[in-house]
Amino acid sequence: MSITPLAAVPSARRTAPVFRGRIGRDARSGHYAVPHRYRLHLSTACPDGLRLAVGHSLLGLDAGCPVTLLPAVPDCPDGGHSALRPLYEAGAHHYTGPALGPVLSDDWSGRIVSTHTPDILRDLDRFRPGGGARLYPSGLESVIEAVERMCAEGIEEAAQRAGRAGAGPAERAAALDVLLDTLGRLERRLDGESYLADDRLTAADIELWVTLVQLDTVHRCHLDASAVHRIAGHRALWAYARRLAAHPAFGRHLDLDGIARRHHGRCQGLEAAGAAVQILDWMGHAAETPDASRR
């Protein structure tokens, strides 16, 4: 498969993470890639947590970097997790903000390395045992970054605008056009292909798959039935999502009940007719994996 640039809309400004340390290549960096030193704290009901869980499994890091699972619904009034509070307070004197996940922590120091999911996933790539396949192969960086922007802005943000309570018909229609255009471009790229880049699983596939999970389990609930049917019409895209759901590194991390509870606990939008039009039977496809019993 030839690699051609994927056009994407300009990046939107995002809130800076509280901690953004990086894993270096050797001891001079302070944090360097060594087994059994670091720990992930995440909830697979959170899209960022699901991204990291899938990447962690694809890289085979169960032994070298343990995972502590957080509740699907944060237990603090500010939206944070009480279990993460000691890490935040150890890393920032008089910290008063929410203790949010996911977190990559350093078990040696008891402090946070990073709360920035894209950096964490890239740094986990340094841990892969035995020089296995990489999530960010050399030469594919621009493709992966373009997919990340398309998912964040052309799908996630567009779907939110298309289903936003109080938005006018013109605003919702324009957002839906952006969403359908983005899905169409990804559909054409996947036509006859198994993966997004160079015929192998990369971070681009993690990003798109998690975004499609969110589109069908969260954003669909705020769209009308006609919009959902148009979204579901991208057959190659949803066949791709179905195949990955049956992959052990993807499907066994699905927590549909947790996603629903997290959504209902945070969402202030109105449910629309699209809520009754499920696109994929996610758990049915995930049950096809031999590791389904480990979910």
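Q: Which residues have the most contacts inside the largest nonpolar core?
A: In soluble globular proteins, nonpolar side chains tend to be buried together. In this predicted model, the largest nonpolar core has 71 residues, and Leu208, Trp209, Leu212 and Trp282 are those with the most contacts inside it.

Q: With which residues is Trp282 in contact, leaving aside its neighbours within four places in sequence?
A: The partners of Trp282 include two further residues named above, Trp209 and Leu212. Val213, Asp216, Thr217, Trp238, Ala241, Ala245, Leu254 and Leu256 complete the list. Apart from this core there is a second, separate one of 10 residues, among them Leu84, Tyr88, Ala92 and Val103.

Q: How many helices and strands are there in the protein?
A: The protein has 11 helices and 4 strands. One of the strands is E1, residues 38-42.

Q: Why is strand E1 described as largely enclosed by the rest of the structure?
A: A residue is called buried when its relative accessible area is under 20%. In E1, 4 of the 5 residues are buried, so the strand is largely enclosed. For the protein as a whole, 49% of the 295 residues count as buried.

Q: Which strands pair with E1, and is each pairing parallel or antiparallel?
A: Strand E3 (residues 103-106) pairs with E1 in the antiparallel sense over 4 bridges; here Tyr38 has Asp106 as its bridge partner. Strand E2 (residues 67-69) runs parallel to E1 and is joined to it by 3 bridges, with Leu42 standing opposite Leu69.

Q: What unit do E1, helix H1 and E2 make?
A: Together with helix H1 (residues 47-58), the strands E1 and E2 make a right-handed β-α-β unit.

Key:
Residues numbered from 1 in each chain as written. Predicted model: local features only at pLDDT ≥ 70, side-chain atom pairs only at ≥ 80, totals over all residues. Heavy atoms only, no water. Buried < 20%, exposed > 50% of the residue type's maximum accessible area, 1.4 Å probe, protein only. Helix = DSSP H or I, 4+ residues; strand = E, 2+ residues; numbered from the N terminus. Pairing = 2+ DSSP bridges. Right-handed = clockwise from strand over helix to strand, strands pointing away. Core = buried A, V, L, I, M, F, W, Y, C linked by side-chain atoms within 4.5 Å. Contact = heavy atoms within 4.5 Å.
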